[in-house]
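Open the model in your viewer and get ready to select residues by number. We will visit some aromatic rings, then a pair of helices.

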Amino acid sequence: MTISQHSKNGFFLALGVLVADQLSKWWILESFHLEQKGSVDLLPFLSFTMVWNKGISMGLFNADGDISRWILIIVTSFVAVGLIVWLARGADKWLSLALGGIIGGAIGNIIDRVMHGAVVDFIHLHAFNWSFYVFNVADAMISLGVIVLLFDGLRSEDKSPTRDESKSSQESAD
């Protein structure tokens, strides 16, 4: 199987996201020692705030016990593998970049769950009595990737198979 250049770019982005995510979390825990500080204001609208997220996006499906944590690890690993297969099979530029961001972020958060029992979240946006969820680089890239996937799916290009492709795939199935 030959991997397209767009797919390769998606895999490189996934690797870059994974490295940036893990380095930022290492720095927050080991150099900045945010766990001991709790929260540090950086700008009027940005803080580093230590949160151990035992659930998935925005704390949903909280996995308090070991069994639920490992179920979450297994399920998210299967999702990541499915996305890797999707990316490897070939995709256009935007789809490849979206999948790469999601894959890199998903693997980064899986590593956290295995190593720490929870995901390291620390980026906290807030202003005027409004507070957004605390998140990390992986979460940001997953969210951005999903947004790009949605826009990619809504593009006016017809992405459905042509009649000839549909017939040939039906004939090969028979």
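Rings of Phe, Tyr and Trp, the last by its six-membered ring, count as a pair if their centres lie within 6.5 Å. Keep in mind that this model is predicted.

**Stop 1: an aromatic cluster.** Select Trp27, Phe32, Phe48 and Phe122. These residues form one aromatic cluster. Across the whole structure, a search finds seven aromatic pairs.

Is Phe48 buried or exposed? Phe48 is buried, at 14% relative accessible area. Trp27 is partly exposed, at 36% relative accessibility.

**Stop 2: another aromatic pair.** Select Phe132 and Phe135. This pair is edge-to-face as well: 6.0 Å centre to centre and 80° between the planes. Phe132 is partly exposed, at 35%, while Phe135 is buried, at 15%.

**Stop 3: two helices.** Select H3 (residues 66–88) and H4 (residues 93–116). Their axes come within 9 Å and cross at roughly 155°. An angle over 145 degrees counts as roughly antiparallel, and H3 and H4 are therefore roughly antiparallel to each other. The crossing is left-handed.

Show the side chains where they touch. On H3, the contact residues include Trp70, Ile73, Ala80 and Leu87. On H4, they include Leu99, Ile103, Ala106 and Ile110. What kinds of residues make the contact of H3 with H4? They divide into 16 nonpolar, four polar and two charged.

Notes:
Residues are numbered from 1 along each chain as its sequence is written. This is a predicted model: local features need pLDDT of at least 70, side-chain atom pairs count only at pLDDT 80 or more; totals for chains, interfaces and linings use all residues. Side-chain values use heavy atoms; hydrogens and water are left out. Axes are lines fitted to C-alpha atoms, for helices over the stretch in contact, and angles run from 0 to 180 degrees between N-to-C directions. Helices (H or I, at least four residues) and strands (E, at least two) are DSSP runs, numbered from the N terminus. Angles under 35 degrees count as roughly parallel, over 145 as roughly antiparallel, 65 to 115 as roughly perpendicular and the rest as oblique. A crossing is left-handed if the near helix is turned anticlockwise from the far one by less than a right angle, and right-handed if clockwise. Contact means heavy atoms within 4.5 Å. Ala, Val, Leu, Ile, Met, Phe, Trp, Tyr, Cys and Pro count as nonpolar, Asp, Glu, Lys and Arg as charged, and the others, Gly among them, as polar. Rings of Phe, Tyr and Trp (its six-membered ring) pair if their centres lie within 6.5 Å; planes under 30 degrees apart count as stacked, over 60 as edge-to-face and the rest as tilted. Buried means under 20% relative accessible area, exposed over 50%, partly exposed in between (1.4 Å probe, protein chains only).
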